[in-house]
Amino acid sequence: MHDLTIVIPVKDPPDLQRFVRENLEVLSASKKVVIDSGRGEQLGRLPNALLFQRQVPMWEARRIGYEEVRTPFTLNLDADTILPNGYVLDSLNALRKNSCDAVAIDYDPPQGHYAFGTSIWRTELLKKLYDYPPKAVEKLIKVGEREWVTAFQNGFCECMYMWARLIRSRAKLETLGYKATHLKKPCSFR
Ligand SMILES: [Zn+2]
């Protein structure tokens, strides 16, 4: 998939071997930008991968990744996610036909909203819209290794924020009936 780049932020992944094994078809077919904030260096050894090792929050990792994307389409792929067969090809077909600007799917079991951490975008739009976290939640308090608490904690997350940005920009969101598998709790980064 020469027109797709996969941006993978990784920090203490639950099962990197399984992530690589079960996503191998997609991972082998496209360029990858890996932003490693802990225990993700193995992904940088995949063919056609660019590795950055930076201790940064997830949103900063995504931004570093997006800056390196030169293809028309970008796949957000968190390192704790197994993609369902067919999702990437069907999404690219929709994007190439110009019938949408991004394609979202949910997880199994459902997390109740479409995931940003597993989503495919028109790169130009993604770069333009991605400005997470919003000002109102810039005050983050770290509690433990990976958990952040904000005043918006209940029902607010990066996914909801980005879909709202997309809809407000009048871009078109496609949702396909696929479900990705999560290797840890869904939407763990808010
Ligand atoms: Zn979410």
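**Entry 1: starting on a strand**

I began with isoleucine 6, which stands opposite leucine 75 in strand 4. Before going on, I noted that this is a predicted model, where local features need pLDDT of at least 70 and side-chain atom pairs count only at pLDDT 80 or more, while totals for chains, interfaces and linings use all residues. Residues are numbered from 1 along each chain as its sequence is written.

My helices (H or I, at least four residues) and strands (E, at least two) are DSSP runs, numbered from the N terminus. Two strands pair if DSSP finds at least two bridges between them.

Strand 1 and strand 4 (residues 73-77) pair in the parallel sense over four bridges. I also found leucine 4 opposite phenylalanine 73 of strand 4. Strand 1 pairs with strand 2 as well, again parallel, over six bridges. There, threonine 5 stands opposite lysine 31 of strand 2.

**Entry 2: is strand 1 covered or open?**

I call a residue buried if 20 or more other C-beta atoms lie within 10 Å of its own, exposed if 12 or fewer, and partly exposed in between, with C-beta atoms placed from the backbone. By that count, seven of the seven residues of strand 1 are buried. Leu4, Ile6, Ile8 and Val10 point one way, Thr5, Val7 and Pro9 the other way, and all are buried.

**Entry 3: the whole sheet**

I stepped back and counted six helices and ten strands in the chain. Eight strands form an open sheet of mixed pairing, in the order 3-2-1-4-7-6-10-5. Its edge strands are strand 3 (49-53) and strand 5 (81-82), each of which pairs on one side only.

At the strand 5 end, two bridges join strand 5 to strand 10, and the two run antiparallel. Threonine 81 stands opposite histidine 182 of strand 10 there. Strand 6 and strand 10 pair in the parallel sense over six bridges, and alanine 104 has threonine 175 in strand 10 as its bridge partner.

In helix 3 (residues 58-67), I found Met58, Ala61, Arg62 and Gly65 buried. Seen down the helix axis, these buried residues fall within an arc of 100° (taken from the directions from the axis to the C-beta atoms), so they line one face of helix 3. Their cover includes strand 1 (4-10) and strand 2 (31-36).

Helix 3 lies across strand 1, strand 2, strand 3 and strand 4, running at about 150° to strand 1. For that angle, axes are lines fitted to C-alpha atoms, for helices over the stretch in contact, and angles run from 0 to 180 degrees between N-to-C directions.

**Entry 4: helix 6**

I turned to helix 6 (residues 158-168), where Glu158, Cys159, Tyr161, Met162 and Leu166 are buried. They cover an arc of only 165° around the axis, which puts them on the same side of helix 6. The face turned away from that side carries the exposed residues Ala164, Ile167 and Arg168. What covers the buried residues of helix 6 includes helix 3, strand 6 (102-108), helix 5 (123-129) and strand 10 (173-182). Just after helix 6, arginine 170 takes a positive phi of about 65°.

**Entry 5: tyrosine 132**

I looked up tyrosine 132 in the loop between helix 5 and strand 8 (141-142). Is tyrosine 132 buried or partly exposed? Tyrosine 132 is partly exposed, because 19 other C-beta atoms lie within 10 Å. Not counting residues up to four places away in sequence, tyrosine 132 touches Trp59, Glu158, Tyr161 and Met162. Tryptophan 59 is 73 residues away along the chain, yet the two C-alpha atoms are separated by 6.3 Å.

**Entry 6: last look**

Glutamate 25, in helix 2 (residues 24-29), is exposed, with 11 other C-beta atoms within 10 Å. Across the chain, buried residues make up 35% of the 190 residues.

Methods
Two residues are in contact if their C-beta atoms, placed from the backbone, lie within 7 Å.
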